[in-house]
Amino acid sequence: MKFYFHRLLTNKKSIFIIIIMLLYPIIDLILLNNQWRGKFVPSQSLFLVGNSEGHMMQILFLWFLPIYLLIMVCENYIQDVETGENKILILKLGKKKYFGSNLFISFISSFAVFFLSLLLNFIISFIINKDGTHNPSAYISQQLLEVRPMLAYQLSHPVITNLVFILISSLLVGILALTITSICFIFPSRKYAYFLSFILWFLLIMGSSSILLIFQPFTEYPFKHLLKIILQTIILFSIIICSSYFYKVKTDEI
Amino acid sequence: MVNVTESGEGNTAITQYWLENAGGTNVSDAFPVAEIENTKYFPAYDNASQTDVYLTAQNNNYTSDTYGVTGYWDEETGVFYSH
């Protein structure tokens with residue numbers, strides 16, 4: 001396991017991606033404070049709330065998420081296959097342990113980097129926008145809040161809501177990384193792995209049942225709708241992860 | 001003043017509206033409006049007065065969803081905000 005962490009932190013490409021992922025939410029906060037004259041209250045200025053004009057950073061970060069995860073950690077297996085290192089490692093560790101630790105490292109590192117990036121954004125927002133006064137959610141009418149109790153509840157507990165959404169979205173990113181790593185197991189070629197990961201992610205973020213609604217706090221969607229999205233995503237991801245893992249462990253690679 | 005009569009995202013879905021001047025500079029903050037809400041009035045910055053302004057809108061969600069909205073807006077309402 002130590003070897004995998006060492007690999008993550010000594011790979012220049014991974015370090016570059018980690019820095020980018022840490023920077024996006026900070027750039028979003030800078031843009032937000034320059035686009036509007038009214039300074040937002042801290043709980044409304046976070047990256048996941050998405051109050052910036054055009055949602056540029058959210059699009060660059062979240063729509064293209066599979067690329068960052070692939071370069072950072074998920075394509076490790078493809079690199080191993082290219083260098084033949086996978087055979088050495090499987091002989092040394094055994095198949096179960098080799099594929100298992102590949103999955104584990106992709107989950108834990110993606111979860112940690114995403115969580116750290118958003119937590120840093122949370123802390124910086126609360127420091128920089130401490131004296132912010134503009135709160136767009138205060139303009140949401142009672143009429144709408146009455147039919148959307150979930151939104152009303154979130155707005156009355158803004159800090160907890162933000163923290164819960166940061167945790168849930170980080171977990172989802174971790175599971176997404178597991179799924180992408182599983183795709184790499186089955187298609188150990190960059191061409192197919194990148195293409196398929198992208199298709200899968202774009203199908204999930206499109207339409208009215210977009211998975212990005214799970215990432216965003218203070219949306220007007222009811223709890224039932226969000227629960228449906230989260231369940232169908234987790235079921236789909238689990239099928240891909242389990243079938244790929246068992247296929248790899250059961251079939252003969254060497 | 002903004003009143004949305006029809007939103008392609010749904011009748012409780014929020015769209016953010018703000019004013020821009022001819023140069024594309026924002027001359028008001030962005031405010032949320034949904035179809036089921038009545039006419040809403042919002043304040044603008046001082047540089048929005050005595051100039052042509054344009055209403056701009058975006059989905060409050062950063063999903064890839066796009067939709068159309070229909071409604072009324074007026075920038076000279078005579079409603080004053082005491083800030």
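Modeller: An element here is a DSSP run, either a helix (H or I, at least four residues) or a strand (E, at least two), numbered from the N terminus. The model is predicted, so local features need pLDDT of at least 70 and side-chain atom pairs count only at pLDDT 80 or more, while totals for chains, interfaces and linings use all residues. Residues are numbered from 1 along each chain as its sequence is written, with chains lettered from A and ligands numbered from 1 in the order in which they are written.

Colleague: Why is Y45(B) called partly exposed?

Modeller: A residue is buried with 20 or more other C-beta atoms within 10 Å of its own, exposed with 12 or fewer, and partly exposed in between; C-beta atoms are placed from the backbone. Y45(B) has 16 such neighbours inside 10 Å, so the middle class applies.

Colleague: Which residues does Y45(B) touch, leaving out those up to four places away in sequence?

Modeller: Contact requires C-beta atoms, placed from the backbone, within 7 Å. By that test Y45(B) touches R37(A), V27(B) and S28(B). The C-alpha atoms of Y45(B) and T77(B), 32 residues apart along the chain, are separated by 15 Å.

Colleague: How many residues does each chain bring to the contact between A and B?

Modeller: Chain A brings 31 residues and chain B 20. On the side of chain A, α3 (56–63), α8 (142–147) and α12 (212–215) each supply at least two residues. The largest share, four residues, comes from α3(A).

Colleague: How confident is the predictor in chain A?

Modeller: On the pLDDT scale, which gives confidence in each residue from 0 to 100, chain A has a mean of 93, and 99% of its residues reach 70 or more.

Colleague: What makes chain A as compact as a globular protein of its length?

Modeller: Chain A has 13 helices and zero strands. Its radius of gyration is 20 Å, close to the 18 Å that the globule rule gives for 254 residues, so the description holds. The radius is taken over C-alpha atoms, and the rule is 2.2 Å times the number of residues to the power 0.38. The C-alpha trace spans about 65 × 35 × 25 Å along its principal axes, and 39% of the residues count as buried.

Colleague: What makes a set of residues a nonpolar core?

Modeller: Its members are buried Ala, Val, Leu, Ile, Met, Phe, Trp, Tyr and Cys residues joined through C-beta atoms within 7 Å. The largest such core has 53 residues, and L48(A), L65(A), L69(A), A177(A), I180(A) and C184(A) touch the most other members. Its largest share, 11 residues, comes from α10(A). Apart from it lies another core of 20 residues, among them L144(A), V2(B), I14(B) and V33(B).

Colleague: Which residues make the contact between α10(A) and α11(A)?

Modeller: Helix α11 covers residues 190–205 of chain A, and its axis lies 9 Å from that of α10(A), at an angle of about 145 degrees. I180(A), I183(A) and C184(A) of α10(A) contact A193(A), L196(A) and S197(A) of α11(A). Helix α4 (residues 65–74) of chain A also packs on α11(A) at about 145 degrees, with axes 9 Å apart. There, L65(A), P66(A) and L70(A) meet A193(A), Y194(A), S197(A), F198(A) and W201(A). Axes are lines fitted to C-alpha atoms, for helices over the stretch in contact, and angles run from 0 to 180 degrees between N-to-C directions.

Terms used. Contact = placed C-beta atoms within 7 Å.
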